[in-house]
Each structure stands twice: as C-alpha cells, then as structure tokens.
Amino acid sequence: MNFKNNTKQLILYLIVGGIATVVEWVLFYILNTPLRINYLFATALAFVISTFSNWLAGRLIMFKPSGKLWVELVQIYLTSIVGLLMNLGIMWLAVEIFGIVEFASKMLATALVFSWNFLIRKFVIYKGKNDEIL
C-alpha cells in the first residue's frame, strides 16, 4: 500500500467519521431536548446508532467487506466501546491530572481515539481486504 492510497483512505475515513459524529450529535439532541429522554439513555442510544452509521458509511465508502457480517459488527462495536472508554480516560487524565481545559482535552481525546478507530479498522478488522480502497 502506498502513501497516496493511505492518504486517500485517511481522508475518506474523516468523511465517514464526520457522518457518524453528525448522526450521534443530532440524535442525542433530539432524544435529550425535545423528547426529554434522560441524557445517559440518550447518550447510549445515540452511541449505538452512530456506531452502526459509522460502520455502514465506512463499508459503503471505503472498506471492503471483511467476511461474516455479524463478526464484523461485533468487532466494530468492541472497537468502539474501547474507543469510548479511551475517550473518557483521556478526558479525565487531561482535565483532572494535567489541568488542560476541557475543550482542548476533548480535541486531544478525539484525535487519539480517531487514530485508534482508523488503525484498528484498517489493520485488524479489514486487514488484507483493502489494498485498494473502493
């Protein structure tokens, strides 16, 4: 795989991640504000649906199928749960231990977790299936 292909995959993954982020934020807002659903339940539901939209958009836009659909979805959700835990841990460390302002901490956590998600999908979940992107 060459630099040009890797760069193209990264740009496409930014698009895929952007789609999932919009889905999550819009869904959370709708559930929590007009529908007045508890923020924890709204967060969990938005997370589950946005993870699915991330998988679907990624599969349609850039990643070729990895094999069995249910195995792929389990891998995606396990990766995302780890990513969510990483995000929370990075935020806590940055704010509480290092005294970094919350928004800067969120930017750092997002960048690190984005990298985790991209690398796990590229080199573990879809390994060997994406020498050439869709």
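Which hand does the crossing of α1 and α4 have, right or left? The close-ups below start with that pair of helices. This is a predicted model, in which local features need pLDDT of at least 70 and side-chain atom pairs count only at pLDDT 80 or more, while totals for chains, interfaces and linings use all residues. Residues are numbered from 1 along each chain as its sequence is written, and side-chain values use heavy atoms, with hydrogens and water left out.

**View 1. Helix α1 crosses helix α4.** The crossing of α1 and α4 is right-handed (the near helix is turned clockwise from the far one by less than a right angle). Here α1 covers residues 3-32 and α4 covers residues 102-125; their axes come within 11 Å and cross at roughly 120 degrees. The two are therefore oblique to each other (angles under 35 degrees count as roughly parallel, over 145 as roughly antiparallel, 65 to 115 as roughly perpendicular and the rest as oblique). Axes are lines fitted to C-alpha atoms over the stretch in contact, with angles from 0 to 180 degrees between N-to-C directions. Helices are DSSP runs of H or I with at least four residues, numbered from the N terminus. On the α1 side, look for N6, Q9, L10, Y13 and L14, which meet F114, N117, F118, R121 and K122 of α4 (contact means heavy atoms within 4.5 Å). The residues of this contact divide into five nonpolar, three polar and two charged (Ala, Val, Leu, Ile, Met, Phe, Trp, Tyr, Cys and Pro count as nonpolar, Asp, Glu, Lys and Arg as charged, and the others, Gly among them, as polar).

**View 2. Helix α3 passes helix α4.** The axes of α3 (residues 69-97) and α4 come within 9 Å and cross at roughly 155 degrees. That makes α3 roughly antiparallel to α4. This crossing, too, is right-handed. The contact of α3 with α4 has 14 nonpolar, seven polar and four charged residues.

**View 3. N54 sits in helix α2.** Helix α2 spans residues 39-61 and holds N54. With a relative accessible area of 10%, N54 is buried (buried means under 20%, exposed over 50%, partly exposed in between, with a 1.4 Å probe and protein chains only). Setting aside neighbours within four places in sequence, N54 is in contact with Y13, V16, G17, A20 and R121.

**View 4. F52 and W55 form an aromatic pair.** A search of the whole structure finds one such pair. F52 and W55 are tilted, 5.2 Å centre to centre with 45 degrees between the planes (rings of Phe, Tyr and Trp, using its six-membered ring, pair if their centres lie within 6.5 Å; planes under 30 degrees apart count as stacked, over 60 as edge-to-face and the rest as tilted). Three residues apart in α2, F52 and W55 are separated by about one helical turn. F52 is partly exposed at 37% relative accessibility, whereas W55 is buried at 7%.
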